Amino acid sequence: MPSSDTSKNLSIQAQPLQSHAVYKPPVYYQVGISLLKPLYRLQVWRRSHARDNYKQEVEQRFGKRYPAPPIATETYLPAADLNSSINVNKRNKTIWCHAVSLGETNTVAPLLDALLSRGYRIWLTNTTQTGFARGASRFAEDIAQGRLSHSYVPVDSPAVIERFLTHVQPVAALFVETELWANILTKLSEHHMPSILVNGRLSASSFKSYQKIGAVSTSMMKNLSLIIAQDNDSAKRFRQLGAHSAQIRVAGSLKWVINTPKLSNVSEPDDDKTIDIVNNEQAELAEKTSVTASDLGVVNRPIWVAASTHGGEEDTVLSWQQQLLSNPALAEALLIIVPRHPERFDEVAALIQNSGLTMARRSAAEAIDITTQVYLADSMGELMNWYALADVAVVGGSLVEVGGHNPVEPASVATPVLMGVHTQSCQSVVDKLASVGALYQPNNPFYQAIDHTNNHDEQANENQKFADDETLIYQQLKYWLNHLTLAKQAGQAGARMTDQQQAVLSRQLSMIEKVIEQHALQNVSQDSN
């Protein structure tokens, strides 16, 4: 996409409403940001100067040059909605969405698909390299067709933000889950551009961090137009930081909505139709990309997958595989490992080799035979295939202190889930799946076993009280692989729960559109006066 220089255009066209309150961050924050800006530029250089896109990253982070804005469309406005003010005001309008990294980009993607299908244009920003790479690949078609523009997020400097907003001219700004910046929110508030926290989550540890900068946090909370919280606990913490109850809605987590490549265009904004489109495209995607057991030559073998793994987790799952193979009933078990980050593929391959287990690699197109004990799925874009193929899934980022990755993906294809205790990034989802027996997490108070014979006898139950977390997970893994019918029942319970939760997309989408409509009407009212 062509670029355009924005450094000479320093004024925002949209003027603030006179009656709109703006809450500025304290002076110490503004001074601190100014002092840290050169250090941040040095950090970017150290991290990215060897990359091909280093110049592009610096220009975008510091407001020198951005891609062209999304192409306006004149084709929207369904006949049934010609009298709707929101449709009139949203035509040719761009929504800015900021997603920090890979996880946030995946989480918000279905929501952006739905907004695009309703005639909006999107400007997507990311903070991390992995998030930027995911945004570029996930929305490649939309970027190529001019429906979506993509850049790194600008630094939280008033002058840089001013240039960015001048260039993008957003009708609203969406921030995913938690990351907020005080100067950005102040600038949006000054120019009466609504700012919405979508899928808002505030863990106890993050809450304590925000409390330490109380005045800054209060200014951010008050400048937000709407906070769409995932759960009541997060909503309570946002209120304690200074948000008013009228600003907050609880709508559930977008992590329940499975991430598909794109959504088809929708002729009218019908909530049920949005859900149907998501479900239909999930089915079409599965049909087009599925890898079957017969394709890999693993029919009638117990299969488990360790997905989105991080350093320290592969050693654990390889140890579990060795223990499983020593059990005569599971001597043919196959472990599929899917590392979270591509740069670790070779590192994980070396770990497998050092473990003494026999391996086949996806990237080398190596065939699986009866002697293969570990399959390294060192490829991109196939994670859902491995979840669908497996009898049991271990979701990574939870055995080490990462916060846990999304368990809804395996649950959506009826695969039971195992997770460690580090699931602060998705705890509400974990608890819901655990409550129907679809996800096992050590000592999770919500967990309901599909079959209470899981505890075997009183002595086994007594022994579990003294087992460590990894031992408990291994015991459940072995149990499910030895009782595939019960594992399947657990997986089906997760699929039903996932299907029930799909309405979260419609709820958050409706809330966003109402805020945009209200601000559009206020702008029209001021213009008429």
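Me: What makes strand 10, helix 14 and strand 11 a right-handed β-α-β unit?
Reply: With the strands pointing away from you, the path from the first strand over the helix to the second has to run clockwise, and strand 10, helix 14 (residues 313-325) and strand 11 make a right-handed unit. Helices (H or I, at least four residues) and strands (E, at least two) are DSSP runs, numbered from the N terminus. Mind you, this is a predicted model: local features need pLDDT of at least 70, side-chain atom pairs 80 or more, while totals for chains, interfaces and linings use all residues. Residues are numbered from 1 along each chain as its sequence is written, and side-chain values use heavy atoms, leaving out hydrogens and water.

Me: How do you know that strand 10 and strand 11 pair?
Reply: Pairing takes at least two DSSP bridges, and these two strands have six, in the parallel sense. Val305 stands opposite Ile336 there.

Me: Why is the pair Tyr66 and Trp123 called edge-to-face?
Reply: Rings of Phe, Tyr and Trp (its six-membered ring) pair with centres within 6.5 Å; planes under 30 degrees apart are stacked, over 60 edge-to-face, the rest tilted. Here the centres are 6.3 Å apart and the planes at 80 degrees, so edge-to-face is the label.

Me: Why does Phe175 count as buried?
Reply: Buried means under 20% relative accessible area (exposed is over 50%, partly exposed in between; 1.4 Å probe, protein chains only). Phe175 has 2%, so buried is the word. Trp96, at 0%, is buried too.
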